Amino acid sequence: MNPNAAKETYLDAMGAAEKRLAGAPSWLRELRQGGAARFAEVGFPTPRDEEWKYTDVTPIVQTGFKPAAGGANGVDPARLEGFWFENLPSHRLVFVNGHYSEKLSTPGMWPTGVTVMGLAEALRNQAHRIEPYLGRYVPEKIHGFAALNMALFADGAYIHLGRGTRLAWPIHLLYVTTGAADPVLSQPRNLVVAEEDSQAVLIENYVAVGEASYFTNALTEVAVGPQALIEHYRLQEEGAGAYHIGGLHVHLDCDGRFTAHGIDLGGRLVRNDLRSVLDAEGAECHLNGLYVLGGRQHVDNHTHIDHAKPRGTSREFYKGVLDGRSRAVFHGRVVVRPDAQHTDAQQVNNNLLLSRDAEADTKPQLEIYADDVKCAHGATVGQLDPDAMFYLRSRAVDEAAARDLLTYAFARDVLRRLRLEPVRSQLERNLAVKLRVAALLQAQEVLQ
Amino acid sequence: MLSIKNLHASVDGKPILKGVNLEVKSGEVHAIMGPNGSGKSTLANVLAGHEHYEVTAGEVIYQDRNLLELPPEERARQGMFLAFQYPVEIPGVSNIYLLKSALNAIRKSQNLPELDAMDFLELVKDRMKLVEMSEELLYRSVNEGFSGGEKKRNEILQMAVLEPKLAILDETDSGLDIDALQVVARGVNVLRSPERAIILVTHYQRLLNYIEPDRVHVLVDGRIARSGDKTLAYELEKHGYGWIAQESAPATV
């Protein structure tokens with residue numbers, strides 16, 4: 001499908017969707033219409049757009065992915081067992097092709113003041129609670145994919161933490177995409193509202209059942225209230241034929257704290273936009289990222305931290321390992337507005353190239369308009385330390401094993417920052433398998 | 001055991017070793033001394049096989065084999081050990097794991113059975129007494145967060161466990177206090193035996209107060225300018241390196 005035909009197809013779908021929305025609240029209709037209008041205006045991004053210079057979405061456009069229908073699509077709960085973390089009790093919500101599946105979910109009990117449900121259901125039953133938040137944290141000039149989600153999203157997670165509520169268990173959101181006759185477009189739309197002094201841990205987990213090619217176009221908004229504390233995991237372990245575009249838009253109120261861990265081990269073509277606005281004094285934002293790529297995988301991380309108010313802190317720590325013909329893009333934008341005195345911002349992006357044909361493009365972009373701030377950034381693209389290689393080899397470790405060991409150590413550095421131990425150790429195991437050091441880790445454990 | 005003939009080596013195209021000749025027999029302890037920049041560390045690294053150093057001429061025969069064509073891991077398996085001047089930190093790889101995998105790789109290539117975890121731990125704990133190292137360091141990542149002295153003790157522990165046929169200590173004594181220095185000396189003296197050889201690369205004479213070398217060599221500008229017995233080390237301590245450099249300069253014309 002050529003880009004114009006693809007665009008027309010989606011615009012038609014938006015027109016049809018609008019007719020079905022006749023009974024919806026006007027603000028929601030306007031929100032969707034806004035998305036449709038924006039999509040009509042900008043269409044799909046192309047490498048001519050500065051923000052998409054290194055990420056060519058032509059394969060997504062050409063495939064013509066079709067919005068997925070609801071229903072569990074015959075997913076057997078037993079097939080999902082392996083996706084849950086061992087030794088980690090959690091509130092489990094399952095989304096099949098972007099739609100909440102009550103049948104597959106085991107959310108458990110919620111404390112008073114906490115509301116968690118599918119977004120579609122929430123929009124039917126308590127739209128007034130959602131109105132002040134949904135779509136408010138997404139900037140006006142969104143790209144075509146975010147607009148597509150705005151206009152056509154069907155479902156997702158709605159999480160509302162009332163004032164002072166604290167969840168003891170993490171909320172595990174499992175997004176499963178199944179194969180279908182037509183290539184499936186799944187568009188989860190998530191809204192997280194954390195009111196003053198509330199606390200929760202969220203896991204957004206994207207996985208595939210089957211080998212089909214599909215496209216996930218996700219959009220998540222998180223409103224972190226005063227003194228609220230949210231830790232967010234985005235674990236992308238999509239299939240080898242999967243396209244994934246994700247937006248995470250965070251708004252922080254005073255002394256609110258948001259920690260994000262974005263781990264990309266799967267997917268064919270992945271683009272993550274993470275935007276965080278520190279919109280009141282003393283807000284704190286920690287972003288950790290890891291991408292481990294091989295073959296022809298492509299992962300693009302665009303982060304944008306907006307220090308709008310004084311005494312904010314941001315820490316960004318992204319690392320990547322690139323083998324084969326893979327490619328990674330890191331674009332880290334940090335804006336410190338005139339009002340944001342005493343901002344403390346640090347950004348690090350380190351890339352390890354294991355093959356001549358792999359490529360990493362890293363671009364830190366600091367825009368500082370306040371004069372009393374502390375900002376630092378560092379970006380590297382390099383190979384393994386030859387002295388460390390020599391040290392291991394001089395201890396009788398052969399060359400290939402030495403390389404794998406050091407690569408694992410490089411990548412694990414990010415996983416060490418994950419606070420949930422069961423998630424951390426599971427990801428360490430997955431990483432070890434991917435980097436061929438699983439046997440070693442086992443041997444190490446025996447000795448501990 | 002080791003025979004070095006006319007060895008030339010460069011780093012980044014710059015010649016450092018300019019014709020080193022050295023014979024080391026089983027049971028001997030050789031000290032290689034010399035001023036900064038004379039090529040001592042280069043010699044140690046070339047022998048262990050660091051790729052950064054390019055051998056441009058000469059040969060090295062180790063136990064009847066052409067050493068220079070072996071990769072570093074094979075040299076280690078054949079019983080060679082280099083104690084590093086600056087041991088590298090390897091986060092994510094536990095010290096004890098590296099030690100066990102090294103020992104078993106070496107035993108395997110010598111047709112000895114691999115040690116299981118129990119026997120291995122017993123051996124390590126026995127050798128740890130020698131270096132007075134806290135057991136907790138065994139379970140940490142290799143050298144990560146170790147103090148300078150702990151790193152050197154760890155090198156000596158590795159040496160004591162691996163029991164190399166040829167041990168090369170690259171300025172292991174530099175930057176050590178007297179206690180740590182004695183640990184290094186003890187490690188070397190315990191290892192000393194008729195079937196092993198030891199090369200001590202050092203800038204200072206003080207280590208030789210604790211380890212009596214059979215031969216002392218002075219490396220100046222990439223060549224061995226003088227060789228002698230242990231008394232040569234005392235002369236160097238008294239008079240410095242200048243007199244040898246001057247004495248040897250005309251001879252090289």
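1. In the contact between the two chains, chain B supplies 27 residues and chain A supplies 23 residues. The model is a predicted one, and the points below should be read with that in mind.

2. On the side of chain B that touches chain A, the elements giving two or more residues are helix H2 (72-77), strand E7 (90-94) and helix H3 (95-109) of chain B. The largest share of that side, 8 residues, is provided by H3(B). Sorted by residue class, the side of chain B that touches chain A holds 18 nonpolar, 5 polar and 4 charged residues.

3. Turning to chain B as a whole, its secondary structure amounts to 8 helices and 12 strands. The radius of gyration of chain B is 18 Å, which is close to the 18 Å given by the globule rule for 253 residues, so chain B is as compact as a globular protein of that length. Taken along the principal axes, the box filled by the C-alpha atoms of chain B is roughly 60 × 40 × 35 Å.

4. Two further values describe the interior of chain B and its contacts. Of its 253 residues, 46% count as buried, and among the contacts in chain B that link residues at least 6 apart in sequence, 71% join residues at least 24 apart.

5. Helix H1 of chain B, residues 40-48, deserves a separate comment. Because 9 of the 9 residues of this helix are buried, H1(B) is largely enclosed by the rest of the structure. The buried residues of H1(B) include the charged-class B:Lys40, and among them are also B:Ser41, B:Thr42 and B:Asn45, together with B:Leu43, B:Val46 and B:Leu47. The residue that follows H1(B) is B:Gly49, which has a positive phi, near 100 degrees.

6. In chain A, the helix pair to examine is H1 (residues 3-20) and H7 (residues 144-152), whose axes come within 10 Å and cross at roughly 25 degrees. An angle under 35 degrees counts as roughly parallel, and H1(A) and H7(A) are therefore roughly parallel to each other. The crossing in which H1(A) passes H7(A) is left-handed.

7. Which residues make the contact between these two helices? From H1(A) they are A:Tyr10, A:Ala13, A:Met14 and A:Ala17, and from H7(A) they are A:Leu148, A:Ala151 and A:Leu152. By class, the contact of H1(A) with H7(A) comprises 7 nonpolar residues, with no polar and no charged ones.

Methods
Residues numbered from 1 in each chain as written. Chains lettered and ligands numbered in written order. Predicted model: local features only at pLDDT ≥ 70, side-chain atom pairs only at ≥ 80, totals over all residues. Contact = placed C-beta atoms within 7 Å. Helix = DSSP H or I, 4+ residues; strand = E, 2+ residues; numbered from the N terminus. Rg over C-alpha atoms; globule rule 2.2 N^0.38 Å. Buried ≥ 20, exposed ≤ 12 C-beta atoms within 10 Å, placed from the backbone. Axes fitted to C-alpha atoms, helices over the stretch in contact; angles between N-to-C directions. Parallel < 35°, antiparallel > 145°, perpendicular 65-115°, else oblique. Left-handed = near helix turned anticlockwise from the far one by under 90°.
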